[in-house]
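Please keep the structure open beside you and find each residue as it comes up.

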Amino acid sequence: MIREPAQSAPQPAAPLPRHVAIIMDGNGRWARNRNLPRPMGHREGVKAVRRAVTACRERGIAVLTLFAFSSENWRRPKAEVKLLLELFVHTIQKEINDLDSNAVCVRFIGDRSAFEPKMRRLMENAEQQTAGNRGLTLVIAVNYGGRWDIAQAAQQLAARAVAGDIDVRDIDSDKLGQALSLADLPEPDLFIRTGGEQRISNYLLWQLAYTELYFTDLLWPDFDDAAFAEALRSFAGRQRRFGQTGDQVEQSKRA
Ligand code: FPP
């Protein structure tokens, strides 16, 4: 008896990052290319934020970290800084209930001391409202810098050492890592930067030590689901060695 050709055998699922960290670059150029004012680019960028959150939620990615405002962004023209912060506040206010009902847990990282109490309250309320959600952790970096993060971790450890709570000789990379902003979350597996530049720009400096880097020329407002899928395909094709040889990695997969 001739057997029917086997239906395509189930393929092992492509490895998916647990944590994706994104630098959303190119809003200004997106607007300029259309003879629009820069703010229009940032507004369009918010739509791309929504798409990225939905894409992560649908695919079961555990953590998405977005660089919304860096500690260096204060150097932009005053009007643009104002607009960016207003857009940030407006977006949180508008989206928080939707995020909550979609099981998204919202967290913020960065130095909040620079913000007005009203904005700090908004951030705290958003965190409290969504703290119990387990669908996707959405981390928003505002007034964040990787060097600031390492410095604040060092400060925490120094204060504990002065208080006699820990011995200076016990301070190692594990302890420092535990004092960083994202200590309780898996480190980013995949870093994406849109907009054509190939640099880290003081993002999660410590946490990106073993992250796969992906750069695309697409401007952030153009970053759609197909572009996200392409980044995930690139990630799935990488061999993550964490200091081992390629042969060791293959062997441990077979074991
Ligand atoms: C970089 O583009 C983009 C930013 C500095 C801000 C991105 C912020 C948002 C999309 C709003 C996010 C809001 C929430 C709540 C997450 P650019 O201005 O540097 O573009 P350019 O390089 O083309 O000038």
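**Notes on the predicted model**

1. Of the 17 residues found around the ligand, the ones that come nearest are D25, G28, R29, R38 and R76. Please bear in mind, here and in every point below, that this is a predicted model. When the shell around the ligand is sorted by class, it has six nonpolar, seven polar and four charged residues.

2. For R29, a backbone N or O atom lies 2.7 Å from an oxygen atom of the ligand, whereas for R38 an N or O atom in the side chain is 2.9 Å from a ligand oxygen. G26 also takes part through its backbone, where a polar atom is 3.3 Å from an oxygen atom of the ligand. The ligand on its own has 630 Å² of accessible area, and the protein covers 91% of that area.

3. Where does the ligand sit? Its place is in the largest pocket, and the elements that each give two or more residues to the shell around the ligand are α1 (27–32), α2 (38–59) and α3 (78–101).

4. Helix α2 is also the place to look for E44, which lies in that helix. Leaving aside residues up to four places away in sequence, E44 touches W30 and P221.

5. R112 deserves a paragraph to itself, and it is found in the loop between β3 (104–109) and α4 (117–130). The side chain of R112 reaches the backbone oxygen of F108 at 3.1 Å, and it also makes a polar contact, at 2.7 Å, with the side chain of E127.

6. Finally, a word on the chain as a whole, which contains eight helices and six strands. Read along the sequence, these elements follow the pattern β-α-α-β-α-β-α-β-α-α-β-β-α-α, and the C-alpha trace of the chain spans about 80 × 60 × 35 Å along its principal axes.

Terms used
Residues are numbered from 1 along each chain as its sequence is written. This is a predicted model: local features need pLDDT of at least 70, side-chain atom pairs count only at pLDDT 80 or more; totals for chains, interfaces and linings use all residues. Side-chain values use heavy atoms; hydrogens and water are left out. A residue is near a molecule or strand if one of its heavy atoms lies within 4 Å of it. A polar contact is a pair of N or O atoms within 3.5 Å; within protein, one must be able to donate a hydrogen and the other to accept it, and residues adjacent in sequence count only if both atoms are side-chain atoms. Accessible areas come from the Shrake-Rupley method with a 1.4 Å probe; for residues, only the protein chains shown count as cover. On a 1 Å grid over the protein atoms alone, a cavity is a set of points where a 1.4 Å probe fits but cannot get out, and a pocket is an open set with protein on both sides within 12 Å along at least five of seven lines; lining residues have an atom within 4 Å of a point. A molecule sits in a cavity or pocket if more than half of its atoms lie within 2 Å of its grid points. Helices (H or I, at least four residues) and strands (E, at least two) are DSSP runs, numbered from the N terminus. Ala, Val, Leu, Ile, Met, Phe, Trp, Tyr, Cys and Pro count as nonpolar, Asp, Glu, Lys and Arg as charged, and the others, Gly among them, as polar. Contact means heavy atoms within 4.5 Å.
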